[in-house]
Amino acid sequence: MNKRILAALTTVVLGFGLIAGIGTYVAAAKNDPGIVVAQSAGSYTAADGKAYPQVKLSLNVYPNSQFGGQHGAGGGAHPDYVTYSAGGPNGEVLSGAGSGSNFEVPAHSAVTVTIYQYDSGESITNDFFAHVRGTVDGTATFVQRWDTKAKANISAEQQITNIPADVVGHTFTIHGISDKKSQLFVSVPLMMSKDEEVSAAEEAGGYTQFPTKTTFTFITGDEGEYVWNCEFPCGDGTIARFGAAMSTMSYMSGHLIVKG
Ligand SMILES: [Cu+2]
């Protein structure tokens, strides 16, 4: 066979092998099978006077997976991946029961989510995702510095509609297409924590005492299954930083199950 043709064929075969290998690797990556059910929290009256049953969810965003949680002891397969996980009501780190990346909320209800963001950050690629979208009033309640030990705000609580695009840690973005009829789109930017405090805490084997805290409420429609993900490119070491933690379920993405 002509040497050039042989070389080309070899390249093609190697390419197929590589793709098959990547496919097998992705399929073998363990996803989080658990579901965290949002806690009932009375009722919520919207600006138009309509009352909804209310539920609450507390989430944490970590600079690595070493706390365990849905990833397993020591962080499992990817201890260095940035990740979301359900946490305690004051930002407590949950290593086992109660953690996870799939959330169940009731249909036609007000869902109030509080997210403690323990990671640093940078500029977001698309400024669209530095804005609060799809929440009631189009706002979120933001605390730049929360003290996890004192369980108190250090900086003043403020209502926000966006954050500066160059200090984004991650975003919590629920995408609208579900398997049923109601659509949902919610996206909230989460400000970075102080870089030097995040690094110092990581070196000491923990997380900063002072995460940012963001709270927002959205109203669900009919039942259906949605996905949520982060729109900040935080898959370090990959092309355009959209691989690794960004392309593996249960780190920077998961399910939002709306149940009727
Ligand atoms: Cu992210």
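Trainee: What makes His170, Cys230, Cys234 and Met252 the protein donors of the copper ion?

Mentor: Their atoms ND1, SG, SG and SD lie 2.1 to 2.5 Å from the copper ion, and donors are N, O and S atoms within 2.8 Å of the metal (3.2 Å for Na, K and Ca). Water is not among the atoms, so sites may look incomplete. This is a predicted model, where local features need pLDDT of at least 70, side-chain atom pairs count only at pLDDT 80 or more, and totals for chains, interfaces and linings use all residues. Residues are numbered from 1 along each chain as its sequence is written, and side-chain values use heavy atoms, with hydrogens and water left out.

Trainee: Why is the site of the copper ion called tetrahedral?

Mentor: The angles among its four donor atoms are 96 to 126°. Four donors count as tetrahedral if all angles lie between 85 and 135 degrees, so the term applies.

Trainee: Why is His170 called buried?

Mentor: Buried means under 20% relative accessible area (1.4 Å probe, protein chains only). His170 has 0% relative accessibility, so His170 counts as buried. Met252, at 1%, is buried as well.

Trainee: How do you know that Thr212 is buried?

Mentor: Its relative accessibility is 0%, therefore Thr212 counts as buried.

Trainee: What does Thr212 touch, not counting residues up to four places away in sequence?

Mentor: Its contacts (heavy atoms within 4.5 Å) include Ile115, Phe142 and Met191.

Conventions
Four donors count as tetrahedral if all angles lie between 85 and 135 degrees; four count as square planar and six as octahedral if opposite donors are over 155 degrees apart and all others between 65 and 115; anything else is irregular. Buried means under 20% relative accessible area, exposed over 50%, partly exposed in between (1.4 Å probe, protein chains only).
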